[in-house]
Amino acid sequence: MLFLGRLELGQLPRLLLGDPMTNLKALGRERRKGFQHNFFTGEWTINCHTCGEPMDSKSRSVLALIYKYHTKNDCLGGW
């Protein structure tokens, strides 16, 4: 076992747990995937953040309009 010197009681939990913000940022980036472009098919895709329904389109601008309409009218039932 490697001897690190004298550790105070307050330092031990920080050494064992790590930085919680690093884990939170990594999970947030993993969950919030926005518009994704498939290079081989040339399509843009996104999953609705509310209901998880996948949507795709040939152009990003059309997909943005589809996503806006879907979120406003289908998922949330109109604002």
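A residue is called buried here when its relative accessible area is under 20%, exposed when that area is over 50%, and partly exposed in between, with a 1.4 Å probe and protein chains only. By that definition, buried residues make up 11% of the 79 residues in the protein chain. This is a predicted model, in which local features need pLDDT of at least 70 and side-chain atom pairs count only at pLDDT 80 or more, while totals for chains, interfaces and linings use all residues. Residues are numbered from 1 along each chain as its sequence is written, and side-chain values use heavy atoms, with hydrogens and water left out.

**Overall fold**
- The protein chain holds 3 helices and 3 strands, taken as DSSP runs (helices H or I, at least four residues; strands E, at least two) numbered from the N terminus.
- Along the sequence, these elements follow the pattern α-α-β-β-β-α.

**Glu53**
- Glu53 lies in the loop between strand S2 (44-47) and strand S3 (54-57), and it counts as partly exposed because its relative accessibility is 39%.
- Beyond its neighbours within four places in sequence, Glu53 is in contact (heavy atoms within 4.5 Å) with Ile46, Asn47, Cys48 and His70.
- Glu53 and His70 are 17 residues apart in sequence, with a C-alpha to C-alpha separation of 9.6 Å.

**Ser57**
- Ser57 is placed in strand S3, and it counts as buried because its relative accessibility is 11%.
- Leaving aside neighbours within four places in sequence, Ser57 is in contact with Glu43, Trp44, Val62, Leu63 and Ile66.
- The side chain of Ser57 also reaches the backbone oxygen of Ser59 at 3.4 Å.

Key. A polar contact is a pair of N or O atoms within 3.5 Å; within protein, one must be able to donate a hydrogen and the other to accept it, and residues adjacent in sequence count only if both atoms are side-chain atoms.
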